[in-house]
Amino acid sequence: MTTLARTLTDRVTYRRLAYLLLEVPLGTIWFTILVTLWSLGFGLIVTPFAIPTAIALALATRWCTAIDAELARSLLGVNAHVPAISIAGRGWRERMHNMFGPGFWRAQSYLWSRWFVGFPAGVLMLALIGFPISLIVEPLWVPFVHGGANLYGLHIQTFLQALAFVPLGVVLLPLGVAAARPLGGAIIPMTSRLLRGGNEPWPAAAGGAGFGVAGSARAGLALAGPTRRGLVVHAAVDGAITAIVLVVWAATSLGAASLEYFWPIWPILPFAAALGIHAWLCAVRYSPELARRFRGSVALAGSAGVATIFWLFTVAIWAVSSRAYFWPIWTLLAVAIIVGIHAAVVLLAAPRQLTERIESLTTSRAGAVDIQDSELRRIERDLHDGAQARLVALGMSLGMAEQKLTDDPERAGELLAEARAGAEAALKELRDLARGIHPPVLTDRGLEAAISALASSTHMHIALSVDVPQRPAATVESAAYFVVAEALANAAKHSGSEWLDIRIATVGRHLELEMKDDGIGGANPNGSGLVGLRHRVEALDGTLVVTSPPGGPTTIYAELPCV
């Protein structure tokens, strides 16, 4: 009895109950989406339409998994990560790997499990709760039914007869609610395995590999997300295919009675929907103002926009087909439920996110103090062991030269030459020290010039791409510079790399950096150098992610706020 009371007063029980009940509508929706897209994919596999269908399947998989991962984090307490699924890449093989790699199949397995495991569990939970509730509310409706009601093999007609079942319902309802705790707990291990963090990177090829996508706190690098250039390419491809379809329609239907039927509308509609989704995701990424209208949640903004476009797509199908019964009202109800659940999760997660934010700021402040202290000790050590020692030797050489000037001018000249060499060496060390604190070229010419100067001093082949239209704050530039410098140093000293790909871009209000080499991997993210970088980045409210599986490649991703 004590265990039952403790279970019923624990919030975890009701969170798991909510998760199990949501399995019924969400499992049905995910099953419908997956069956529809897989069926379309196989049906159109011999046509060009298979390509946009495959892209839609990959994006829908990530979108649905993102919603469910939020629910799992909030209601089950699972450390769920959305697997990295992206259409970015340098070649078609890399793009296929990024779209349909291990992360895609884990997400697919999770969504299918929501139907084959979660849906039955949700139905069972509905039965365990619904039956006792029906017993409790019988006196409210059975006496008003003409002739009574046949329930549970019994004919119940009067109020007292219905009232006799209420105690049974009162006893069974707490037991049904308590059953949510073990039943929900049984789903946690499967959810944790399928939504675990990380992803397999695209393997480096000899002589220069493609630029892959590594797992991160954002479930895929933002640099690999939708871009304006990708949107332009998408629009151009859709326009070209649409033009070809229109030409075929005009050539086959001109002068015929079938000219009245405009069949190209059927490929145009999905093309327009996919392009609209791409454009909305680009707008959300590059316009932080949109996210602020959705409680600051980029995921919620994306979900709301994609759901709206999908519903308009179904309305367009209804408009060009029967125009009879307005069946898109049901798709509106479905997407409204999904977006409503996502919005509720965002609102419920706000206090937890605020707590995590406070903890993150406390940690980053402590890290900033530690890194400042270590930097001061490094500067003191370098000055004491380097420039100071050379200046002391310089003073001694000048003193000895002064003594020898009249008696042994030749020896005095040698001492003066040594003093000049010592002065030059001390000056070089002071310049190196100043460059280590803040390189002058970074102040004078900006990030691209400073990193180009770094790249010119290494033996590796450096592929540098910088897209920063407006210079960020000096502290952000400095942090970005030292992130790249550490990546260069690690790649040169430890990884045996021959090339390093560096990409820097301003995305919205963030500066994003990604460095990837073709080395042997195995870098320790908790090493002193990378920990120092992480503290430097987190002190500016940024994030640093290091992915370095054995065998390589090593990818370092950093995100810094520009304002």
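In this predicted model, strand β7, which spans residues 555-561, is mostly covered, with seven of its seven residues buried. For β7, both faces are covered. One side carries Thr 555, Tyr 557, Glu 559 and Pro 561, the other carries Ile 556, Ala 558 and Leu 560, and all of these residues are buried.

The partners of β7 come next. Strand β5 (residues 510-517) runs antiparallel to β7 and is joined to it by seven bridges. Within this pairing, Tyr 557 of β7 has Glu 514 standing opposite. Strand β6 (residues 543-547) also pairs with β7 in the antiparallel sense, here over five bridges. Glu 559 in β7 is the bridge partner of Thr 543.

Helix α2 covers residues 11-43 and helix α3 covers residues 50-76; their axes come within 11 Å and cross at roughly 175 degrees. Because angles over 145 degrees count as roughly antiparallel, α2 is roughly antiparallel to α3. The contact between α2 and α3 comprises 19 nonpolar, four polar and three charged residues.

Stepping back to the whole protein, the model holds 18 helices and seven strands. Of the 563 residues, 39% are buried. Among contacts between residues at least 6 apart in sequence, 70% join residues at least 24 apart. The protein exposes about 29,600 Å², and carbon and sulfur atoms supply 66% of that area.

Definitions and conventions
Residues numbered from 1 in each chain as written. Predicted model: local features only at pLDDT ≥ 70, side-chain atom pairs only at ≥ 80, totals over all residues. Heavy atoms only, no water. Buried < 20%, exposed > 50% of the residue type's maximum accessible area, 1.4 Å probe, protein only. Helix = DSSP H or I, 4+ residues; strand = E, 2+ residues; numbered from the N terminus. Pairing = 2+ DSSP bridges. Axes fitted to C-alpha atoms, helices over the stretch in contact; angles between N-to-C directions. Parallel < 35°, antiparallel > 145°, perpendicular 65-115°, else oblique. Nonpolar A, V, L, I, M, F, W, Y, C, P; charged D, E, K, R; others polar. Contact = heavy atoms within 4.5 Å. Areas by Shrake-Rupley, 256 points an atom, 1.4 Å probe, with all protein chains shown as cover.
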